[in-house]
Amino acid sequence: MRKVLGLLLLLSVVSAAWAQERQDTIVVSRDGTGNFRTLQEAIESARAFMDYTVTIYVKNGVYKEKVIVPSWVENIDIIGEDRDKTIITYDDHANINKMGTFRTYTVKVEGSDITFKNLTIENNAAQLGQAVALHTEGDRLKFINCRILGNQDTIYTGAKFTRLYFKDCYIDGTTDFIFGPSTALFEDCIIHSKRNSYVTAASTPKEAKYGYVFKHCKLTAEPGVDKVYLGRPWRPYAYTLFIYNKSSCSVNDNKRDRSTATRYRHQLRLTCKPFVLSDMSTKRALALGRLLLSICFMRAAASGSLATI
């Protein structure tokens, strides 16, 4: 009997210690009322390769810091108190001490299964060179109701064959402000051009079926901006597709490098008007059906209801 009681006592102590060590919610606040004052400190407190989800709740405030979510941090939801008042910002650009584009990020996400929600990520550097706000490397990343702000090269989707999902986001920039090799679905987002230039610069690998897909998005522009190109290929097999989108500015198909960027050219010809299957060839209709089915799988994977695509 004593042995049983001792074992029960030991189990209760271990359970209490585990519960104390495991924090399901971490609060970040600039005024010191949370667990941490900076987002980076909160991320570094997370256990490596967690098999449960931790929420990092970020209170309103301006957090001037370069944030890295390392590759061993997974299953984290980073949720802001208010999208427009919870701001993660920095101001590096490519021409500071020969920094180059890929070190200018404000937020770099190397881990997988990370969600950002209800906050702003911005690079507010002067327009003196490329300046990345968001740099992604992980897989199955979600950005829900976020503002992602910058000028040239706002979002760099930096890893081949990774899958990203942007829902109800506001994204702005000047030139090539969504670029890289990843597969990304942008749904119900506002894409805002601040200059007559290019929105995307995809570098989709030849082996990837899809690159950037924009569905039910709205393309807007600053006053006086009247000639915006949907994109240009950064590499020969760039893939960009716009489906059922609205535009409040003059949008142009790209005329550059059409001989090499065949997938890119083919898809951009289909932009800025709804698809009507009766107006399409059987072959193209079947191809569209396969694409829409793939998008459904992407959404399921992003929402966690599907482990793999």
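Predicted model: local features only at pLDDT ≥ 70, side-chain atom pairs only at ≥ 80, totals over all residues.
Local features need pLDDT of at least 70 and side-chain atom pairs count only at pLDDT 80 or more, while totals for chains, interfaces and linings use all residues. Residues are numbered from 1 along each chain as its sequence is written, and side-chain values use heavy atoms, with hydrogens and water left out.

Start with strand S1, residues 25-28. Strands (E, at least two residues) and helices (H or I, at least four) are DSSP runs, numbered from the N terminus. The side chains of S1 alternate. Ile26 and Val28 point to one face and are buried.

Which strand pairs with S1? Strand S2, residues 54-58, does, in the parallel sense and over four bridges. Two strands pair if DSSP finds at least two bridges between them. Val28 stands opposite Val58 of S2.

Now turn to charge. Side chains of opposite charge can pair when their charged atoms come close. The structure holds 10 salt bridges. The cut-off is a side-chain nitrogen of Lys or Arg within 4 Å of a carboxyl oxygen of Asp or Glu.

One of these bridges joins Lys64 and Asp91, at 3.4 Å from N to O. Lys64 sits in strand S3 (residues 61-64) and Asp91 in the loop between strand S6 (86-90) and strand S7 (107-109), so the pair ties together parts that are 27 residues apart in sequence. Lys64 is exposed, at 53% relative accessibility. Asp91 is partly exposed, at 30%.

Another bridge links Glu110 with Lys108. Their closest N and O atoms are 3.5 Å apart. Lys108 is buried, with a relative accessible area of 17%. Glu110 is partly exposed, at 27%.

Asp113 and Arg140 also meet in a salt bridge, at 2.8 Å from N to O. Asp113 lies in the loop between S7 and strand S8 (114-117), and Arg140 in the loop between strand S10 (134-136) and strand S11 (141-144), so this pair ties together parts that are 27 residues apart in sequence. Asp113 is partly exposed, at 24% relative accessibility. Arg140 is partly exposed too, at 23%. A network of salt bridges links Asp113, Asp139, Arg140 and Arg163.

Move on to Thr204, in the loop between strand S19 (198-202) and strand S20 (212-215). Is Thr204 buried or exposed? Thr204 is buried, with a relative accessible area of 2%. Its side chain reaches the backbone nitrogen of Tyr239 at 3.0 Å.

Finish at Lys246, in strand S24 (residues 246-247). Lys246 is exposed, at 62% relative accessibility. Lys246 and Lys218 are 28 residues apart in sequence, yet 4.7 Å apart in space, C-alpha to C-alpha. What does Lys246 touch, not counting residues up to four places away in sequence? Lys246 touches Cys217, Lys218 and Leu219. Contact here means heavy atoms within 4.5 Å.

Methods: Buried < 20%, exposed > 50% of the residue type's maximum accessible area, 1.4 Å probe, protein only. Polar contact = N/O pair within 3.5 Å; in protein donor to acceptor, adjacent residues only side chain to side chain.
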